[in-house]
Amino acid sequence: MSKSQKMPSGAKAQDSNGNALERRRSQDALRQNEHRLRLALDSAEMGTWDWNLTTDAIQWDQRQYQLFGTSPDNFSGLGSDAIGLIHPEDQAHVRAIIEQALNKSDVFGMEFRVRHPDGSLHWLAGRGQPLMTATDGSLHLIGVNFDITEHKQLEQERAEYARLEDKAQMHRLHVAGEIAALLAHQLNQPLAAIRSFAEARLARLRRGDFDMQEAVSTMQDIVEQSERAAKSIRDLRKFLARQPQAMVEADLNAEVRAACKLMEVLARGRKIRLRMKLEESMPLILMRPSQIEQVIVNLIENAMDAMADAGHRSGTIEIGTRHEAAKNQVLACVEDSGPGLAADAVSRVFEPLYTTKKNGIGMGLVISRSIIEGHGGRIWAEPGEAGRFLFALPVSQ
Ligand SMILES: Nc1ncnc2c1ncn2[C@@H]1O[C@H](COP(=O)(O)OP(=O)(O)O)[C@@H](O)[C@H]1O
Ligand SMILES: [Mg+2]
């Protein structure tokens, strides 16, 4: 054979070798791609599906079965049955999204729920797209699913936070109205007194009555009344200056301890013992801690006043906490050894401006109630021979 004859056959052999090599290379590349894809799907905990719309057959990988809470033995392998596994309330929505994706032959995303045989509800998210196969021209929908239950729960919790915040805001507005009324009431008296003192003195001065001693006494009265007005404003400012705090998970016992520490010195001065009776394992609850502390301080202050007003020279205030698991709430109780409350007083004490004290304002319990209700809780007093004030706060789930 001549060289020139050999050449083509040699080239041909090389060519087919080259083809085989090329094929092996592309097979390798394909396998590598598959490995990479599998790794990515596994790390993202994603299941894949491939739905042949011509035959209705749907291919699921192992993870996809897990996501739907089923197994190859319990599943027909039909796309229409797969839709049937979706939560009934979400099926129409999923169908609509798929239809839209087919019309626009576009990538689509969706979220839906599935219930597993153990009764648990899972949120799945999916991404997919229509695909025409080159081999037989059949139309497929291919896609991935992944579990977003935790994410959804977080979303729900966030919505719950927002709801509580809204509620608190509503209460703040409500209280603002009550405060405006209170301010008018509180300032009216001293202002009227100041005016009449000043007018009377002015009339005397005009008449030529310059009695220095009487003038000083009038001035003292005026100073006293303006101090009274200033105190009302200061007290209200203190309350209003409190910035709306963020809700955090906190321990009610810790707030009771903080409040008692704050009141300790005052109590000791009045020979009153503050006794804590705290349940040991309390669940954390969503709250604005300093507001809750303020409520407890208010209740302790009232308890001390009640005992003093009744002429008790000493006594005990007990502050207790309890977890009521069945009601999903925690409870705090402030109990004094004072005169207690009559049945008709237990609701009146929460009315704005209701006070039985000489220097009372009658807003402590209004503010306390607004704080507790702003937390989704309840505050009340129990009638009896001793003062008993309780509040309950919901345990966040
Ligand atoms: N522990 C208690 N025992 C008896 N009466 C109480 C007690 N706590 C509150 N009260 C009654 O409720 C009223 C309203 O309380 P509050 O709203 O704190 O306003 P203030 O303390 O300015 O009077 C008090 O004036 C008192 O008559
Ligand atoms: Mg008070």
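Begin by selecting arginine 268 and glutamate 264, whose side chains form a salt bridge with an N to O distance of 3.6 Å. Both belong to helix α7 (residues 252–269), where a spacing of 4 residues places them about one helical turn apart. Arginine 268 is exposed, at 58% relative accessible area, whereas glutamate 264 is partly exposed, at 39%. Please bear in mind throughout that the model is predicted.

Next, colour the domains. The protein is divided into domain 1 (1–37), domain 2 (44–147), domain 3 (158–243) and domain 4 (245–397). The centres of domain 2 and domain 4, taken over C-alpha atoms, are separated by 55 Å.

Now return to the salt bridges, of which the structure holds 21. Select Arg38, Asp42, Asp61 and Arg63, which are linked in a network of such bridges. Is each partner buried or partly exposed? Arginine 38 counts as partly exposed at 33% relative accessibility, while aspartate 61 counts as buried at 12%.

A salt bridge also joins the side chains of arginine 63 and aspartate 42, at 3.8 Å from N to O. Arginine 63 is part of helix α2 and aspartate 42 of helix α1, so the pair connects parts that are 21 residues apart in sequence. Both residues are partly exposed: arginine 63 at 22% relative accessibility and aspartate 42 at 37%.

Move on to histidine 87, in the loop between α3 (79–84) and α4. At 13% relative accessibility, histidine 87 counts as buried. Leaving out residues up to four places away in sequence, it touches Arg113, Val114, Arg115 and Leu121.

Select serine 105 next, in the loop between α4 (88–104) and β3 (108–115). Serine 105 is exposed, with a relative accessible area of 56%, and has a positive phi of about 30 degrees although it is not a glycine. Then select asparagine 328, in the loop between β9 (315–324) and β10 (329–335). Its phi is likewise positive, near 55 degrees, in a residue other than glycine; asparagine 328 is partly exposed, at 28% relative accessible area.

The interior comes next. In soluble globular proteins, nonpolar side chains tend to be buried together. The largest nonpolar core here has 46 residues, and those with the most contacts inside it are Leu252, Ile292, Ile300, Ile317, Ile319 and Phe391. Helix α8 (residues 289–309) gives the largest share of this core, 9 residues. Domain 3 and domain 4 both contribute residues, so the core lies between them. Which residues surround isoleucine 292? Setting aside neighbours within four places in sequence, isoleucine 292 is in contact with Leu252, Glu255, Met287, Ile371, Ile372, His375, Phe391 and Leu393. Apart from this core lies another, of 21 residues, among them Ile58, Ile97, Ile98 and Phe112.

Leucine 202 sits in helix α5 (residues 149–206) and is partly exposed, with a relative accessible area of 40%. The last stop is lysine 231, in helix α6 (residues 212–240). Lysine 231 and leucine 187 are 44 residues apart in sequence, and their C-alpha atoms are 9.9 Å apart in space.

Conventions
Residues are numbered from 1 along each chain as its sequence is written. Chains are lettered from A and ligands numbered from 1 in the order in which they are written. This is a predicted model: local features need pLDDT of at least 70, side-chain atom pairs count only at pLDDT 80 or more; totals for chains, interfaces and linings use all residues. Side-chain values use heavy atoms; hydrogens and water are left out. A nonpolar core is a set of buried Ala, Val, Leu, Ile, Met, Phe, Trp, Tyr and Cys residues joined through side-chain atoms within 4.5 Å. Buried means under 20% relative accessible area, exposed over 50%, partly exposed in between (1.4 Å probe, protein chains only). Helices (H or I, at least four residues) and strands (E, at least two) are DSSP runs, numbered from the N terminus. Domain bounds come from an automatic or database domain assignment. Contact means heavy atoms within 4.5 Å. A salt bridge is a side-chain nitrogen of Lys or Arg within 4 Å of a carboxyl oxygen of Asp or Glu.
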